Amino acid sequence: MRKPEILSPAGNLEKLKFAIEYGADAVYLGGKLFNLRERAGNFSVEEMAEGIEYAHLRGKRVYVTLNAFARNRDFEELKSYVKEIALLKPDALIVSDLGVLSLVREIAPELDIHISTQANVTNYKVVEILKDLAVKRVVLARELSIPEIAEIKEKVPDVELEVFVHGAMCMAYSGRCLLSDYLAYRASNKGACSQSCRWKYYIVEEKRPGELYEIEEDGKGTYIFNSKDLCALPVLPELVRAGVDSFKIEGRVKSAYYVAVVTDVYRKAVDLLFESPQEFEDFLPFLMGELKKVSHRPYTLGFLVPENEEIKQHYESSSYIRDYQFLAFYNGRSWTVRNRFSVGEEVELFSPGAKVQKTKVKAILLQDSAESIEEVHPNYEVNISFAEPVRVTPYTILRKKKS
Ligand code: SF4
């Protein structure tokens, strides 16, 4: 069995570095044009060059998303953009639109092409056609079950399969949702989704316009389209057996903390599965516990397990569960502060590939003046001493349980 790649989101250069330091084999990122995350920081061509160099120096891969659906008017701009990106030698371009695929073939035939989940590939026949088009990899639709994924791999083994294992889900097939465009004039298929599926809705009877009927699942209301978040960790062994080549983590607009923790968990899980499968089973509760320390909605296996009849929507609230707060990270010289904290607080240190360490903040010194302070605020650069001896490495994260 081939060890699947861990593929993490890189919404900006900082998140790219966190993903790689915490064990991603590859990252995916978007430039300023034609990608589907307007709200992610996104990379200028210069930042992309720096990110690709950073990854390649560490033996990691970078895939660039170009997965918006193009209009005729887009192609002139796309041509020069693809030329610019090709010079940076990314490891693949992720496209949805066959017109964009054809353009990339003309301009940069040396680049590998991955087909985005936006293209809704749900069967092996499409994968066969894409193979004829020399597509290297297909990111399958999130609606497929593990047996369906295994069948596609069996029938078209030469095409790599990438499967989402973690993160937010849509209530519609990716690339086919018009809700946000219609209700908020923000096109999800152009990367500007307003998350309209997660709003609160009422029922209106046809002949009584203006009379809103509350849909009340319980006292808090009902969010009928609000999908839970995907978490495939418990079925990772089945996904490996199905022949998945790449495990994709969703979340280019999520925080560096989210990227670090989720990447670390899936890295450890896949390594354990291949080195000591029994340990994977033993470690599963701990790893699930870690995944609950990032901002998330209740987790679901989504459509991966057909016989699983759990409810995939979360009716009570569309808010995220945030039990832990990202306080700071160690940049190699000092701590860069992200959220307020003070001397005496109980904290956890979370480092790449290491065990979580619990301690208390003993003292805080401002980096520039060495002045001792009791409380820090976002963007402070400080030195911290802790109540117990702890091991701190670059990219160590400081977090605390919210009270
Ligand atoms: S509105 Fe909801 S279902 Fe539609 S694209 Fe946005 S997140 Fe997905």
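This passage describes the overall form of the chain and then several of its residues.

The model is predicted: local features need pLDDT of at least 70, side-chain atom pairs count only at pLDDT 80 or more, and totals for chains, interfaces and linings use all residues. Residues are numbered from 1 along each chain as its sequence is written, and side-chain values use heavy atoms, with hydrogens and water left out.

The chain contains ten helices and 21 strands. The C-alpha trace spans about 60 × 60 × 50 Å along its principal axes. For 403 residues, a compact globule would have a radius of gyration near 22 Å, and the value of 22 Å for the chain agrees with this. The radius is taken over C-alpha atoms, and the globule rule is 2.2 Å times the number of residues to the power 0.38.

Of the 403 residues, 54% are buried. Buried denotes a relative accessible area under 20%, exposed one over 50%, and partly exposed a value in between (1.4 Å probe, protein chains only). The chain exposes about 18,700 Å², of which carbon and sulfur atoms supply 50%; accessible areas come from the Shrake-Rupley method with a 1.4 Å probe, and for residues only the protein chains shown count as cover. Among contacts (heavy atoms within 4.5 Å) between residues at least 6 apart in sequence, 68% join residues at least 24 apart.

Charged side chains number 55 positive and 60 negative, and the centres of the two sets lie 1 Å apart. Lys and Arg count as positive and Asp and Glu as negative, while His and the chain ends are not counted. Each charge is placed at NZ of Lys, CZ of Arg, CG of Asp or CD of Glu.

A disulfide is a covalent bond between the sulfur atoms of two cysteines. With the criterion of a pair of cysteine sulfur atoms within 2.5 Å, the count is zero disulfides. Among the cysteines, C170 is partly exposed because its relative accessibility is 41%, whereas C197 is buried at 10%.

Helix α3 (residues 75-87) includes I85, which is buried with a relative accessible area of 0%. Beyond its neighbours within four places in sequence, I85 is in contact with M48, V64, L66, P90 and L93. I85 and E388 are 303 residues apart along the chain, and their C-alpha atoms are separated by 48 Å. The loop between α3 and β4 (92-95) holds K89, an exposed residue at 59% relative accessibility.

K89 has a phi near 55°, a positive value in a residue other than glycine. Most residues other than glycine have a negative phi. A370, also not a glycine, has a positive phi of about 60° and is placed in the loop between β17 (357-366) and β18 (372-373).

Two further loop residues were examined. N123, in the loop between β5 (113-115) and α5 (124-132), is partly exposed at 30% relative accessibility. N123 and E310 are 187 residues apart in sequence, with a C-alpha to C-alpha distance of 24 Å. K228 lies in the loop between β9 (212-214) and β10 (229-231) and counts as buried because its relative accessibility is 14%. Leaving aside neighbours within four places in sequence, the contacts of K228 are M169, P298, Y299, T300, I311, K312, Q313 and H314.

Terms used: Helix = DSSP H or I, 4+ residues; strand = E, 2+ residues; numbered from the N terminus.
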